[in-house]
Amino acid sequence: MKTPAQMGMPEKFSAWRPGQDRILQQQLDAPSQSVLVQVVPTGGGKSLCYMTAALLSPGRTLILTSTKGLQDQLSGEFGSLISVVKGQSAYRCRVSGYPVSHGPCHWGYRCPIKERGCEYYDAIARARDAKVVVTNYSFWFANEAQVLGPFSGMVCDEAHDTVEQLLGSLSVSIRRDDVSRLSQFPPPGKGMNYYLAWGHILAQRIEDKIADKKKAGRVDDQEAVRLLSLKYKVERLKRVRTDNWVAEHKGNVVEFEPVWPGKLTESFLTRGIPRILFTSATVSRKTMDLLGISGYTYTEYPSYLPLNRRPVYYIPTVRVDHKAGPAEINSWLARIEQICAARPDTKGIIHAVSYDRCKRIYHTSSHKSRMMTHDSDTTHLIVERFKESTEPKILVSPSVVTGFDFPYNTCRWQVVGKLPFPDGRSEVMKARTKIDPDYGMYLTAQAIVQACGRGMRAPDDFCETFIIDDHWQWFSSKYRGLFQNWFIQAAKRINLIPKDPYSV
C-alpha cells in the first residue's frame, strides 16, 4: 500500500502504523450502502485511516466528533483537507460583539455581513463546498441535515459516546431562575402533558417579550441575550414526543429527556446517509443495539499497545457503595494510601466518582501535599496545572474519566476507586432500564474502559490502573460481554502492589 502522504495526506504521515492498512482497506472496500463498525484500540491511528478513506472515496463525507477539542485536533493534523464547522456560539458576531447565536440576524434584521464576512456563515458556505466536513454531534443534532448539504458517507468518531450524545443533546433543562420573570414555575408531581403544556405557554411568552424588545430597539442588552438563549432552549421542546420522553421535576429544574436512543437514530443521526462508519476503542455491539441499527459489519482490531505497558490490576479491598460502613471506608482509604506510597516518584490519578469522595480522600491522606483536586468550575484549570507540573502530583477527581488525555509522564498510574454505576433513581433511568435492564451496566463498562485509557496513549507509553472496588469481581464476570478483548486481556487480579517500575 502507498504511504499516507502518497495518498494525499500531509507529509508528516510518512508511514502506516501496524494494522492501519487493514483498517483502511476495510473502509475502502465497504459497499456504497453499508454500516461498518470498527473497534480500534487507543494508539491504532483511526483518524488517519478514516480521513484517508474519506479523501479517496466518492462523494462527500461528514465526520462527527464528541467535542470541539477533537475538532481542533483534526484541524491541526489535516489542515486544508477538511472543513470544520462549530456551533454559532463558537463564533463572534462582528456587528454586535456577542456570539453569532445572539447576533442581529436572529432578531429578524438584515445583517450586512451575513452573506460574506461572518465567520459562522462563511464556515457553513465553505463546508457545503467541501469534500470532507468535520463537526460535532451537538451541531448535527441541532440543525437540519440540509444545512451542510448532502453526504454519501458519515464517520461517527468516538462512537461509543454516540448514544449519550444523542440522548444528552436532545434533552431540555429549564431552571426556575430562567423563567422567574415570565411564568410561575410548575409544581412537582405533574405528568408529562402538564409540563409540556407549560413549556408551550412559556414559549409564547418568550416570543411576546422578544417582540417587545425588538419594538423598543433594545436587542443588544443582557436581558435580550438572556431571552434569546431561553428561546433556543424552549424551542427544542417542539421535538418532544410523549411516547419517548420523560418530564421530571427536580427541585428548581424541570427536565425533558428522551428515553430510548433507537427511536431517534434515523431522524437525528443517520438521516438517510448511505455509508456509515462507527469507530472508537470501546464501541460495541451493545452500542449498535441501543441505536437500533442492525445489518452492520463488526470488526474488533487488536491493540498494538503492549500488554505489559497497560496493566489493569484488581486488588480485593471492599465493596464501595452506600452500604459501606466506617470500617469499610477506612480500609478503602488505606488502600489508596498504600498505592500512593508505593508510587512516590510519578504522577497518578485517583478516579473517585463523586466530589464527596474526592474531599474525603484529600482531607484524610498523608499524601495531601502531592494531591490536587477541583470543583465543577475549575476542572480544566486544575487538570492543566496537574499536567504541567514536574512534581509527582496526584489528581483526585470525579470527572476526568473521558475528555482528557494524560500521556507519558503526565500520568503513570491510576486508581479506579469505585465502579461508576449510574444513578438509577431518576425517572428517565427507570424508563430506560425498564426497556433494557442492562442499560446502566453498559454505561458502567464504557466508563471503566475509558478511565483505564486516560494514561495510556501510545505504544511506548506506560500506565498501570488499580481497581479497588470489590464490585469488580462479580461485574467483570457477569458483564464480560460488554468489554472489548483488548481490555479483558490486560485485566488481572493481584494481592500485592507490584514494584514501581519508575522508582528512583
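Guide: In this predicted model, three strands form an open sheet in the order β6-β8-β7. Their pairing is antiparallel. The edges belong to β6 (172-175) and β7 (245-250). Each has a single partner strand, so one side of each is left without a neighbour in the sheet. From one strand to the next, the twist averages 10°.

Now the pairing of β7 with β8. Strand β8 covers residues 253-258. Six bridges join β7 and β8 in the antiparallel sense. Within this pair, A247 sits opposite F256 of β8. A helix also packs on the sheet: α15, residues 427-435. Helix α15 touches both β7 and β8. The direction of α15 makes about 150° with that of β7.

Strand β16 spans residues 464-469. Here the pairing is parallel, with β11 (residues 312-318) joined to β16 over four bridges. V318 has D469 of β16 as its bridge partner. Strand β15 (residues 413-416) also runs parallel to β16, again through four bridges.

Strand β16 is mostly covered, and six of its six residues are buried. Both faces are covered. On one side lie E464, F466 and I468, all buried. On the other lie T465, I467 and D469, buried as well.

Technical notes. Residues are numbered from 1 along each chain as its sequence is written. This is a predicted model: local features need pLDDT of at least 70, side-chain atom pairs count only at pLDDT 80 or more; totals for chains, interfaces and linings use all residues. Side-chain values use heavy atoms; hydrogens and water are left out. Two strands pair if DSSP finds at least two bridges between them. Helices (H or I, at least four residues) and strands (E, at least two) are DSSP runs, numbered from the N terminus. Axes are lines fitted to C-alpha atoms, for helices over the stretch in contact, and angles run from 0 to 180 degrees between N-to-C directions. Contact means heavy atoms within 4.5 Å. Buried means under 20% relative accessible area, exposed over 50%, partly exposed in between (1.4 Å probe, protein chains only).
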